[in-house]
Amino acid sequence: MLVREAIGQDAEQVIAVIKNAEESNFMLFRPGERKLETEQFTKFIENMNNNSHSALFIAEIEMTVVGWLFNRSR
């Protein structure tokens, strides 16, 4: 497993993992409760990377995103 900071190109895979987690019904949001779009999420990742107090990390197995963790400070 590789853990690294996310980049814009990871947006689509991260969205898929988030949607999968939401389907478990153990998350704050329920399936379909929020709309995640690749273009907007790419900008979110880029904004996180440009903020020295925030970070979005992903876990990969064989180049497939399997998890995420983020800390967002304003």
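Reply: Buried means under 20% relative accessible area, exposed means over 50%, and partly exposed lies in between (1.4 Å probe, protein chains only). Helices (H or I, at least four residues) and strands (E, at least two) are DSSP runs, numbered from the N terminus. By those terms, strand 2 is mostly covered, with five of its seven residues buried.

Some ground rules come before the detail. This is a predicted model: local features need pLDDT of at least 70, side-chain atom pairs count only at pLDDT 80 or more, and totals for chains, interfaces and linings use all residues. Numbering starts from 1 along each chain as its sequence is written, and side-chain values use heavy atoms, with hydrogens and water left out.

Confidence comes next. pLDDT is the predictor's confidence in each residue, from 0 to 100. The protein chain averages 92, and 99% of its residues reach 70 or more. Among its elements, strand 1 has the highest mean, 98. Helix 1 has the lowest, 93.

Now the layout. The protein chain holds two helices and three strands. Along the sequence they follow the pattern β-α-α-β-β. The three strands form an open sheet in the order 1-2-3, with antiparallel pairing. Two strands pair if DSSP finds at least two bridges between them. Strand 1 (2-5) and strand 3 (64-71) are the edge strands, and each pairs on one side only. The twist averages 25° from one strand to the next; axes are lines fitted to C-alpha atoms, for helices over the stretch in contact, and angles run from 0 to 180 degrees between N-to-C directions.

Take strand 2 (residues 55-61) one side at a time. Towards strand 1, the pairing is antiparallel over four bridges. Two of the opposite positions can be named. Leu2 stands opposite Glu60, and Val3 stands opposite Ala59.

Towards strand 3, seven bridges join the antiparallel pair. Ala55 has Asn71 as its bridge partner in strand 3. Ile61 stands opposite Thr64.

What links strand 2 to strand 3? The two make a hairpin, with two residues between the strands. Most residues other than glycine have a negative phi. Glu62 in this hairpin takes a positive phi near 50°. Met63, in the loop between strand 2 and strand 3, has a positive phi near 65°. Met63 counts as exposed because its relative accessibility is 72%.

Where does the chain come into strand 2? Ser54 sits in the loop between helix 2 and strand 2. Its relative accessibility is 7%, so Ser54 counts as buried. Contact means heavy atoms within 4.5 Å. Leaving aside neighbours within four places in sequence, Ser54 is in contact with Met48, Asn71, Arg72 and Ser73.

Helix 2 (residues 38-50) lies across strand 1, strand 2 and strand 3. Helix 2 runs at about 115° to strand 2.

Between helix 1 and helix 2 is a loop that includes Asn25. Asn25 has a positive phi, near 65°, and is not a glycine. At 43% relative accessibility, Asn25 counts as partly exposed. With neighbours within four places in sequence set aside, Asn25 is in contact with Arg30 and Pro31.

Last, the whole chain. Of its 74 residues, 32% count as buried. The C-alpha trace spans about 30 × 30 × 20 Å along its principal axes. The radius of gyration is taken over C-alpha atoms, and the globule rule is 2.2 Å times the number of residues to the power 0.38. For 74 residues a compact globule would have a radius near 11 Å; the protein chain has 12 Å, which agrees. Accessible areas come from the Shrake-Rupley method with a 1.4 Å probe; for residues, only the protein chains shown count as cover. The accessible surface of the protein chain comes to about 5,500 Å², of which 52% belongs to carbon and sulfur atoms. Among contacts between residues at least 6 apart in sequence, 53% join residues at least 24 apart.
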